[in-house]
Amino acid sequence: MSNTPRDRLPDSTPALLAQGYGFLERRLLRRGREVAEARLLLQRTTLLSGAEAARLVYDPGKFVRAGAMPRVVQKTLIGVGGVQSLDGDEFRARKAMFLSLLGPERAPEVAGEFTTAWRAAVPRWEAAGQVVLLDVAAEVLCRAVCRWAGVALPEQDVRRRTLGLRALIECEGDPRLGYVRSRLARRRCEAWAAGLVEQVRGRGAYPDEGTVLRTIAEFRGADGKLLDARTAAVELLNVLRPTVAIARYIALVALALHGHPRWLAALRASDADVVPFVQEVRRYYPFFPAIPARAREHLRWRGVEVPAGRRVMLDVHGTNLDPRSWDRPDEFRPERFRAWADDAYAFIPQGGGDHATGHRCPGEWVTVEVLAATVRLLTREMEYAVPPQDLRVSMRRLPTGPRSGFVLSGVRPVVSA
C-alpha cells in the first residue's frame with residue numbers, strides 16, 4: 001500500500017480548475033513535498049516538483065510524451081499531432097526543424113520585427129489616451145511574428161488573427177465556456193494555417209527560403225514524407241501562438257518595473273542587468289502551470305511507485321520557487337541571475353532539460369530576446385503613466401497576469417536630444 005499523500009476527492013479536476021496554479025502548490029511546495037497523488041480527468045496522476053523531479057521527467061529513458069497531454073489541451077492549446085506529443089525519430093526530426101527556426105541565431109530577428117512593430121504602434125497608443133498593455137502587446141506580437149514567419153497579414157485581419165491566437169491560450173471566465181471558445185478558435189486557426197501551407201505547396205504563395213511558413217510547408221518527417229496540411233498547420237501555429245503568448249510576460253515585465261522603481265532607474269541607465277531582470281520575471285511570476293509526461297516503464301522514485309503508463313504532472317512554478325534551489329525564492333531579486341550557473345532543471349519556465357534533445361521549448365530564446373527588447377522600449381523609448389487599477393496577479397486564473405492587463409495612459413515617445 002503506497003504511503004504517498006493523496007487527494008481524498010474522487011476526482012480533483014474541479015479543484016484544479018478552481019485553484020489554478022495553487023492546485024499543485026497546495027499539495028507540493030507549500031507542504032515541502034516532492035511527490036503526491038491525485039485523480040485528474042478520472043486518471044490517477046503523480047504530482048512532482050523540484051529540480052530532481054524535473055531531471056527525472058526529462059529523462060527520455062524513463063518518460064515519454066505520447067498520450068501524456070490531456071485531449072482537452074491538445075484540442076485547444078497545442079493542437080493534435082504537434083511536436084509536443086512526439087517521441088523517438090519523428091520528435092528528433094521536428095525538433096531539429098524548430099531549433100533551426102527559433103534558435104539563438106534567429107531569435108534576434110523576431111525581436112527586431114517586434115521592436116519595429118512596437119515603435120510604429122506608439123503613436124496610435126498616444127492618440128488613444130489609454131491602452132491595455134496586454135491587448136496592444138498581443139497585437140504587436142502578432143504583426144511581428146507573422147511578418148517574420150512569411151505569413152501575409154492584411155491590416156484588416158490583424159485584430160481577428162490576434163484574437164484567434166489569443167483564444168487558443170486563454171479561457172476567460174467560466175472554464176467550460178472558455179473551452180468552447182478555444183475549440184472554435186482552434187478549428188478556425190488551423191483552417192487558416194492549413195490554407196497558407198497549401199498555397200505554398202501549390203506555389204500560390206512562395207515566401208522566402210528559410211521563413212517559418214515555407215520551412216514547415218516543405219518539411220519532410222523522419223519517414224521522408226511531407227506533413228499532411230492539418231499537421232503542418234498545427235506546427236505553424238506552434239510558432240505563431242507561443243509568440244503571441246509572450247504578451248502576458250510583457251504585462252508582467254511592466255508590472256515588475258512599476259513595482260520596483262530602483263530597477264526601473266537602473267535599467268533606464270544601463271543594459272547590464274536587462275537579461276537578469278527578464279530571467280527573474282520568468283522565474284518569479286507563473287506562466288505555464290505544469291508539464292505532463294507518462295512513465296515509459298515501472299519505476300520507483302523517492303520511495304514512491306510510478307507504474308508504467310502513469311501520467312505525471314511536473315509543477316513548473318513550484319520548481320521555479322523551490323527553496324532547495326533558490327535563495328529567498330519569494331523575493332524578486334534579478335541580481336540572482338548576474339552570475340547564475342545555468343541549471344536546466346531548477347529553472348523551467350518553458351520546460352527543462354536540453355533544447356536540442358529534449359522537450360524544452362525551442363522558443364525560449366525568442367521569449368528572452370523579445371522581453372529584453374520590451375525592457376529597453378519601456379524604460380528608454382517611451383513615457384507613460386500607470387493610472388489606478390487592479391494589478392493583482394491571481395494564482396487561480398490560468399494563464400495569469402495583472403488583473404487589469406496593465407493599463408497605460410499618457411503614452412508618448414521619448415524624443416532623443
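Q: What makes the five strands an open sheet, and in which order do they stand?
A: In this predicted model, the order is β1-β2-β8-β5-β3, with mixed pairing. Strands are DSSP runs of E, at least two residues long, and helices are runs of H or I, at least four long, numbered from the N terminus. Two strands pair if DSSP finds at least two bridges between them. β1 (35-40) and β3 (63-64) each have a single partner strand, so one side of each has no neighbour in the sheet.

Q: How do you know that β1 and β2 pair?
A: Six bridges join β1 to β2 (residues 43-49). Pairing needs at least two. The two strands run antiparallel. One of the bridges links A36 to L47 in β2.

Q: How far can the model be read, and how are residues numbered?
A: Residues are numbered from 1 along each chain as its sequence is written, and side-chain values use heavy atoms, without hydrogens or water. As this is a predicted model, local features need pLDDT of at least 70 and side-chain atom pairs 80 or more, while totals for chains, interfaces and linings use all residues.

Q: What makes the protein chain as compact as a globular protein of its length?
A: The chain has 15 helices and ten strands. Its radius of gyration is 21 Å, close to the 22 Å that the globule rule gives for 417 residues, so it is as compact as a globular protein of that length. The radius is taken over C-alpha atoms, and the rule is 2.2 Å times the number of residues to the power 0.38.

Q: Which residues have the most contacts inside the largest nonpolar core?
A: They are F114, W118, W125, I250 and F277, in a core of 88 residues. Helix α11 (residues 229-259) gives the largest share, 19 residues.

Conventions: A nonpolar core is a set of buried Ala, Val, Leu, Ile, Met, Phe, Trp, Tyr and Cys residues joined through side-chain atoms within 4.5 Å. Buried means under 20% relative accessible area, exposed over 50%, partly exposed in between (1.4 Å probe, protein chains only).
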